[in-house]
Amino acid sequence: MDTAPVDEQGKRHHPRYVEVRESAEFGELRRAHRSFAFPLTVAFVSWYLLYVLLSNYAGDFMGSKVVGNINIALVFGVAQFVTTFLIAWWYARHAAEKLDPRALAIKSRLEEGE
């Protein structure tokens, strides 16, 4: 009898993949990813929603001039783009330093066993 787990499409998985998925090392990799990605995602979405809410409900504040014809809304809008690029750069650095080496180690051990 085949004891390989079955997914929602009815496909059977090789026991080796299940073993890797349930390993402590894979769990650490997932935790390293989640502990970085989830808080940063929540922070960015909150920052974006603040921008949207201020734009909708604090028009006078957002229309306040900073310098010349540059108002707070424009500064916040540009800051959204800057924040997006900084987060992408930071995540790429984090992945290269902490995630990729772990993932490659798991991958190489998995490929050795096949």
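The buried residues of helix 2 are Gly 27, Leu 29, Ala 32, Phe 36, Ala 37, Leu 40 and Leu 54. This is a predicted model, so please keep that in mind throughout. Those buried residues pack against helix 3, residues 59-62, and helix 4. As a general point, an α-helix has 3.6 residues a turn, so residues three or four places apart point the same way.

Now the helix as a whole. Helix 2 runs over residues 24-57, which is 34 residues. From its first C-alpha to its last it reaches 48 Å, close to the 50 Å expected at 1.5 Å a residue. Helix 2 also bends, by about 25°, at Arg 34.

On to helix 4, residues 72-112. Take Gln 80, which lies in this helix. Is Gln 80 buried or exposed? Gln 80 counts as buried, because its relative accessibility is 7% and the cut-off for buried is under 20%. Which residues does Gln 80 touch, leaving out those up to four places away in sequence? They are Phe 44, Trp 47, Tyr 48 and Tyr 51.

Next, the surface. There is a nonpolar patch of about 930 Å². Its members include Val 66, Val 67, Ile 70, Leu 74, Trp 89 and Trp 90. Strand 1, residues 65-67, and helix 4 each supply at least two residues of the patch. Helix 4 gives the largest share, seven residues.

One of the patch residues, Trp 90, is found in helix 4.

Terms used: Residues numbered from 1 in each chain as written. Predicted model: local features only at pLDDT ≥ 70, side-chain atom pairs only at ≥ 80, totals over all residues. Heavy atoms only, no water. Patch = residues over 30% accessible without salt bridge, like charges linked within 9 Å, V, L, I, M, F, W, Y side chains within 5 Å. Areas by Shrake-Rupley, 256 points an atom, 1.4 Å probe, with all protein chains shown as cover. Salt bridge = Lys/Arg side-chain N within 4 Å of Asp/Glu carboxyl O. Helix = DSSP H or I, 4+ residues; strand = E, 2+ residues; numbered from the N terminus. Buried < 20%, exposed > 50% of the residue type's maximum accessible area, 1.4 Å probe, protein only. Contact = heavy atoms within 4.5 Å. Expected span 1.5 Å × (residues − 1). Bend = angle between axes of the 7 residues up to and from the residue.
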